[in-house]
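Please read them with the structure open beside you.

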Amino acid sequence: MNGFLLASDLYVEITDQILELLIIPTMIAVLLAALVLFVNLFARKWLTAGQMGLLWALVLIRLAIPYGFAPESSYSLTNLFVEFMEESTPAEPPRDAYAPEPWPVTDVKATTAADVPPMHQIQFPEPKPPEVSSTETLQEYLISFLEWFLRVLPPLWFIGALFILARMLVTHWRFTQKINRLPVSTDQRLLHLWNTCCQQVRYPSSVPVIVCDDISQPSVMGARRPKLLLPTDVTELDDSQLQLIMLHELAHLIRRDLWVNWFLFGLRLFHWWNPLYWLAATRYNSLREQSRDAMVLRWREQQDHDTNSDPTREFSELLLTLAQRPGADARWRISLPVSLLGFLKSPFRKRSLANRLKALRSATVKVHPLHTTAVIIVIALCAATGLADVKDSTDQQQLQGEYKRQPNWTAELPLPDPVSTTTFEPLYTQKIQVDQVIEKISEERSISQEQARQYLLGHIDFLLKIKNHKYWPVGKSAEQAHVKFDEQNRLVVYASNFLHEELGQQLRAWKQSGLGQISLETRFTELSADIVARSNITWNALEADVAPASRTQFESLSDSNEPLVQASAIVEEFIPVRVAVLTKAQETHFIRMVQSDERSNLLYAPKVTVFNGQRATVSDIVQRPFVIGLRKNENAELQPKIKVIDDGRNLTFRTVISDEGSEVNLKGLIELSQIVDVNFYTTQIAGKERTIQIPRVIRRSITVASSLKDEQTLLVCIPPAFQQKLFQYVMLKVRILDEPLAR
C-alpha cells in the first residue's frame with residue numbers, strides 16, 4: 001500500500017512538472033504570437049519575408065524555453081499584459097475574510113430593554129439545507145473532468161511524442177539508407193552548373209549531387225554531410241532553370257536550414273498537440289521559402305548583366321513548372337530535408353505557392369538603410385519583451401503578502417497570564433533542599449559551593465524577574481515573586497504554583513546533569529510530494545492516532561437567571577505521523593532536496609537557547625477575532641461576544657541533558673491550527689438582523705520525545721490526510737553549548 005502511495009505521489013509530481021513545462025510556455029507564447037499577428041496585420045508591407053519569418057521564429061523559440069530559464073524583466077509581455085488588465089479592472093480594497101464585520105454600536109445603544117425580549121424567547125429560524133443549483137453542479141462536474149483530463153494528458157502526450165519520434169527515426173533511417181546506396185552523379189553538365197553556383201555564392205564545402213526517382217522535389221539533406229537530391233525528370237530542364245534550383249538549395253545550406261529543421265522536429269515532440277506550434281511552424285516555413293527565393297533573385301541580378309532578362313518571371317515559371325509535374329505526390333515524401341516547394345499537403349502547398357509568387361514581385365525591391373534599422377529595432381524589442389519571463393516586483397510581492405499570511409515568529413518562556421487586571425495567580429512559599437544541585441554546579445564549573453549557591457540564586461532570581469516584568473504593563477502594582485536562602489541553606493521560593501512546578505522540573509535536570517545550555521533550531525516546510533521517499537532517510541516510527549477530545553464540563557457552569565449554553569463540535573481524525581532521527585549529513589541532504597523544489601517554502605524559526613531542563617515556546621501565530629455570539633449586559637443591551645482564535649504553529653518543548661552530557665532528551669508538543677472556513681448566521685432580534693460568525697478550525701496536536709546526540713535532528717513528517725494536500729515537515733536540531741569554566 002505504501003509503495004502504491006509513493007508511486008501515486010511520484011506520478012502526480014511528474015505530471016505537474018510536465019504540464020508546467022508545456023502549458024506555461026504556451027500561455028506566454030500566445031501573447032507573443034498575438035503581437036506578431038498584430039504586426040502582420042498592420043505593418044506587413046514594410047517587412048520583408050525574412051524579417052516576418054524571424055518574428056515567427058521568436059514564437060517558436062519562446063515555446064522551446066521552459067518557464068524560469070529565460071531572463072526576467074519587468075517589461076516582458078506577460079508583465080505588461082497583467083498590468084494592463086489590472087489597470088482596466090477596477091481594484092477592490094483587500095479585505096481579510098476572517099475579520100469580523102463592524103458591529104453597529106449606535107444601534108445597540110439605541111436598543112432599550114423593552115425592545116429586547118429575553119434570550120430564551122428569541123426565535124431562531126430553522127436552518128435550511130443549502131440549495132445547489134444546476135449551474136453549480138455542472139461547474140463541479142466540469143472541474144472534476146478537467147482535473148481528471150489534466151492527469152491523463154501527460155501520458156497521452158508521452159505516447160504521441162514517442163510515436164512521432166519512432167516514426168521519424170525509422171523513416172529517416174530508411175530513406176538515408178536508400179540514398180547512401182545510390183551512386184553520386186557523374187553528369188558533367190550537372191556538376192559544372194553546381195560548381196558554378198557554389199563559386200558564385202562562395203560556398204566552400206563539396207556537396208555531392210545525387211539523381212534519383214525516390215523524391216518528388218529537388219532538395220538537400222544531411223546537416224553534417226549535405227547532399228543535393230534531384231529527381232530524374234528535373235535534370236531535363238534547361239541550364240537557367242537548373243541554376244535557379246541549385247541557388248535555392250544553396251540558400252538553404254548557407255542559412256543552416258537543415259539544422260533548423262532538426263530543431264523544429266525536437267520542438268514538435270513536445271508540442272505536437274499544440275495548435276500554436278503548428279501555426280508558427282507553418283508560417284515560419286512558408287516565409288522561409290519566400291526569403292530564400294529573394295536570396296536567389298538577388299544573386300541572379302548580381303550575375304546576369306542582360307537587361308532584357310527577367311529573373312522574377314523565370315523563377316515564377318520554374319515554380320509553376322515544378323508544381324505541375326505529374327505524379328509529384330505519389331512518390332516518397334520526406335520531412336527533414338529542405339526542398340524547393342516544401343513537403344506540405346496539396347491544398348496548403350497551393351496556397352504557399354500563391355504566396356511565394358506574390359512575394360517574388362517585391363523580393364528585389366531596395367529599401368532605405370534607415371527603414372532596415374527601424375525594422376531591426378522593432379524585432380529586437382519584440383525579442384526582448386517576448387522572450388523574457390515575468391519579474392516579481394516589490395509591489396506584487398506586497399500584494400501577494402496581503403492575501404497570504406506572513407510568518408509571525410515569536411520565542412519566549414511560557415508563563416501564566418494574569419486572570420484580569422485586578423486578579424493574579426496567588427503566590428505561596430516553598431522551601432527546597434538543593435544540596436545535590438549545588439554540588440553538581442560546583443563540580444561542573446570548578447567553583448566553591450558558596451559561589452555555586454550564589455550562582456544558582458542569581459539564576460533563579462533572573463527567572464522570577466522575567467515573571468514579575470510580565471505583569472508590569474497591566475497598570476497595577478502586583479505582588480512580586482522572590483527567592484532567597486535560609487539559615488539551613490534551603491532555597492526559599494515565594495512564587496505561583498506554575499513557577500514552583502517549572503522550577504521543580506529544572507532543579508531535577510540540574511541535579512542530573514548540571515546547569516548547561518542547549519540551543520534548539522526549528523524549521524518548518526510544506527511540500528506537495530514526499531521527497532523523503534527518494535532519499536536515504538529511514539523512518540524510525542509510523543503511527544496514526546487521534547488527539548484527546550475536549551468535552552464541555554457542564555458541572556462547572558455557574559448559576560444564572562438567564563439560560564447559559566456551551567457547545568463544542570469534535571470530529572475525530574486519526575493523524576498519520578512519521579518520525580526519524582537525522583545525522584548532520586542527512587539533514588544537509590534533506591535541506592538541499594527541499595530547496596531544489598521551486599514550490600517549497602522552508603521557514604526558519606528563531607534559534608532558542610535555554611538552560612538545561614528549561615521549557616520554552618516557539619510560535620508562528622496570528623490571532624484573529626470573531627463575533628461568535630450575543631450577550632445582554634447589565635442594561636439589557638445586546639453586546640457582541642468576541643472569540644480570539646489562533647491560526648498557525650506553536651511548539652512547546654523541554655530539553656534535558658543526559659548524565660554523560662552527550663545526549664539531549666527532547667520532549668515537545670507541536671500544535672497546528674488552521675482556520676479553514678467562516679460561515680455567517682443571521683437572525684432577527686428585536687426587529688433587526690443580527691449576524692454572528694461561525695469559524696471552522698482544524699487543530700492538530702503532536703507530542704514527541706526522543707534522545708538526540710549533539711547536532712542530531714529530529715524530523716517529524718505529517719502526511720496529508722482527508723482534505724489536506726501537503727506534506728508538513730518539522731525539523732528540531734539540538735546543540736549542546738560548551739560554556740567556559742568560571743574563574
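1. His 248 is buried, with a relative accessible area of 0%, where buried means under 20%, exposed over 50% and partly exposed in between, computed with a 1.4 Å probe and protein chains only. This histidine belongs to helix 7, residues 239-254, helices being DSSP runs of H or I with at least four residues and strands runs of E with at least two, numbered from the N terminus. The His 248 side chain makes a polar contact with the side chain of His 252 at 3.1 Å; such a contact is a pair of N or O atoms within 3.5 Å, and within protein one must be able to donate a hydrogen and the other to accept it, while residues adjacent in sequence count only if both atoms are side-chain atoms.

2. The model is predicted, so local features need pLDDT of at least 70 and side-chain atom pairs count only at pLDDT 80 or more, whereas totals for chains, interfaces and linings use all residues. Residues are numbered from 1 along each chain as its sequence is written, and side-chain values use heavy atoms, leaving out hydrogens and water.

3. Asn 489 is not a glycine, yet has a positive phi of about 55°; the residue sits in the loop between strand 9 (482-485) and strand 10 (490-496) and, at 32% relative accessibility, counts as partly exposed.

4. Glu 711 likewise has a positive phi, near 70°, in a residue other than glycine. Its place is the loop between strand 19 and strand 20 (713-718), and Glu 711 counts as partly exposed because its relative accessibility is 24%.
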